[in-house]
Amino acid sequence: MRIVVVGGVAGGMSAAARARRLDEKAEIIVFERGDHPSFANCGLPYYVSGEIADQADLLVQTPESLHDALDLDVRVRHEVIGVDPAARTVRVRSETGVQTVSYDALILSPGATAIRPPLPGLDSPRVQTLRTVGDAVRLKDTVTGGAGRAVVLGAGFIGLEAAEGLRMQGLTVDVVELASHVLPPLENEMASLVRDELTRLGITVHDGVAATAIEQTADTDVVVLADGTPIEADVIVLSVGVTPDTGVFADAGVATERGAIIVDEHGRTNLDGIWAVGDATAAVDAVTGLRRPVPLAGPANRAGRLVADHILRPETARPIPHPVGTAIVRVGELTAALTGANRKALEDAGIDYRTLHLHPGSHAGYFPGAEQIHLLIHLRRADGLILGAQAVGADGVDKRIDVLATAIRNRMRGPDLIDLDLAYAPPFGSAKDPVNLAGMIAENVLDGSLTLWYADQLDEPGYFILDVRSRAEYDRDHLDGAYPVPHTEVRGRLDEIREAAAGRPIRVHCASGMRSYLATRILTGEGFDASNLSGGLMTLRAARAG
């Protein structure tokens with residue numbers, strides 16, 4: 001048995017390593033066109049920032065260590081330039097020429113390549129990407145060589161990590177994002193919190209605008225935006241997204257969709273004896289059922305293992321699970337994370353949903369150091385199935401999103417979150433964890449105990465806005481036309497509220513949604529048509545800030 005793997009890093013090396021653990025006799029060859037078959041690509045921005053000091057720490061394995069530990073034949077600087085599925089051979093180009101290598105099983109893990117938009121001046125030597133160890137070394141050398149101004153094109157996860165790293169090195173940093181807000185997979189009300197943190201770090205954000213040209217001069221480049229803004233740059237980081245690197249394999253007859261290789265539940269392509277994993281494949285989204293690439297390390301690693309299982313133990317191999325797309329990023333003192341589907345994905349799939357917002361503490365409020373978590377959850381309208389979740393905060397975001405990712409994987413409904421038995425001690429959480437609280441809100445919404453209204457409904461006519469914060473909070477800032485009645489006074493002022501509302505439905509709000517929930521329950525109990533602002537003024541202001 002000869003297994004040939006095209007591409008290393010997450011998917012390819014996981015498949016190769018698992019194949020060896022299953023079959024000591026198999027011949028396993030890995031062709032990697034770069035210099036490093038197994039490196040920490042997710043750690044590259046942190047090398048640029050200086051937090052990872054030694055580039056050697058980015059190298060997870062080397063060809064030599066892989067040979068010694070697993071008897072793998074790893075050949076770097078070897079690029080597969082052709083596949084003959086009928087003959088079961090690949091053509092490989094290296095420094096010594098082109099050779100033909102046969103295979104019994106072929107695993108494709110070519111990954112993705114950076115998108116290069118048709119931007120005049122993009123060929124400038126000051127334009128760099130951040131995809132490989134070599135990219136990270138070049139970028140850091142540019143920084144330590146005296147660069148003072150950086151422009152990052154693209155405000156996705158890698159773009160923001162690069163921007164933060166460059167800022168930590170003392171550069172002036174501008175971020176340009178064509179979408180309406182940074183971190184486009186996040187909802188607007190969550191992304192605006194990240195934008196505020198970027199501003200606090202001293203990073204200038206240009207969102208909702210395109211770069212139209214890069215003008216090159218001897219001393220610097222100038223990035224010109226569609227609104228006419230010129231930005232001088234000593235270095236430009238291109239991070240506008242990636243596209244599957246599959247041209248060679250498509251030419252050989254491997255079926256693709258928008259460039260991504262189509263695979264079945266075991267990673268098989270349409271061609272006998274050929275499997276594919278990683279960023280180059282199209283996965284079926286666990287929530288929407290739509291097929292799309294999911295360029296994340298976790299799914300690629302797990303798929304590599306399962307493909308090897310199917311090649312060597314097909315009778316017991318488990319299917320590759322549909323990814324839920326869990327991702328996380330640090331921006332300054334904040335963490336932003338998401339799992340499952342966002343609004344756009346749900347709307348594209350035609351799934352009717354409702355959204356919950358809450359702002360609980362990361363741990364017990366009486367224990368020092370508690371930080372607010374801004375949490376959002378999408379539920380299927382019909383039955384409360386959890387469809388997606390997002391969180392932003394300074395502490396505790398990661399573990400809540402991981403719990404919610406697990407809930408989505410297990411097709412839990414919102415109210416099921418109430419019953420999760422989660423770790424609690426005052427330094428770590430609360431007796432009612434934020435995840436439990438989300439379940440309680442979900443139950444109230446689903447059983448009709450709570451009706452929500454949202455920030456985008458603020459300007460709708462015909463409603464009475466009731467502000468139940470304290471008078472001091474109201475005096476500092478309030479919505480136009482809002483009527484102030486502190487929540488502790490609602491019971492005693494029902495006649496006044498009835499007269500002021502004059503028959504109009506009442507939309508209640510406070511700062512975060514908790515006091516207004518109490519007021520809403522009082523009002524509905526007295527026969528009023530009352531609803532509660534989801535997430536309170538915190539969410540409304542964040543949504544409208546974007």
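This is a predicted model: local features need pLDDT of at least 70, side-chain atom pairs count only at pLDDT 80 or more; totals for chains, interfaces and linings use all residues.
**The chain as a whole**

Let us start with the overall fold. The protein chain holds 15 helices and 34 strands. With a radius of gyration of 27 Å, close to the 24 Å that the globule rule gives for 546 residues, the chain is as compact as a globular protein of that length. Along the principal axes, the C-alpha atoms fill a box of roughly 90 × 65 × 40 Å. Of the 546 residues, 52% are buried. Among contacts with a separation of 6 or more, 63% are between residues 24 or more positions apart. As for charge, there are 52 positive and 73 negative side chains, and the centres of the two sets lie 3 Å apart.

In general, strands of a sheet pair through backbone hydrogen bonds, either parallel or antiparallel.

| Strand pair | Bridges |
|---|---|
| Strand 12 (residues 149–153) and strand 13 (residues 172–177) | 5 bridges |
| Strand 31 (residues 464–467) and strand 33 | 4 bridges |
| Strand 33 and strand 34 | 3 bridges |

Some residue pairs can be picked out within these strands. Arg-149 stands opposite Thr-172 in strand 13. Ile-506 is the bridge partner of Phe-464, and Ile-506 also has Ala-530 in strand 34 as a bridge partner. Val-508 stands opposite Asn-532 in strand 34.

Which residues lie on the two sides of strand 33? Ile-506 and Val-508 are on one side, while Arg-507 and His-509 are on the other. All four are buried, and both faces of the strand are covered.

Helix 15 (residues 536–545) is part of this neighbourhood: its buried residues pack against strand 33 (506–509) and strand 34 (530–533), and also against helix 6 (188–200) and strand 27 (353–358). The buried residues of helix 15 are Gly-536, Leu-537, Thr-539, Leu-540, Ala-542 and Ala-543. An α-helix has 3.6 residues a turn, so residues three or four places apart point the same way.

**A closer look at Ile-311**

Is Ile-311 buried or exposed? Ile-311 is found in helix 8 (residues 297–312). Its relative accessible area is 12%, and because buried means under 20%, Ile-311 counts as buried. Leaving aside residues up to four places away in sequence, Ile-311 touches Met-1, Ile-3, Ala-105, Ile-107 and Trp-275. Ile-311 and Ala-19 are 292 residues apart in sequence, yet their C-alpha atoms are 8.3 Å apart in space.

Conventions:
Residues are numbered from 1 along each chain as its sequence is written. Side-chain values use heavy atoms; hydrogens and water are left out. The radius of gyration is taken over C-alpha atoms; the globule rule is 2.2 Å times the number of residues to the power 0.38. Buried means under 20% relative accessible area, exposed over 50%, partly exposed in between (1.4 Å probe, protein chains only). Contact means heavy atoms within 4.5 Å. Lys and Arg count as positive and Asp and Glu as negative; His and the chain ends are not counted. The place of a charge is taken as NZ of Lys, CZ of Arg, CG of Asp or CD of Glu. Two strands pair if DSSP finds at least two bridges between them.
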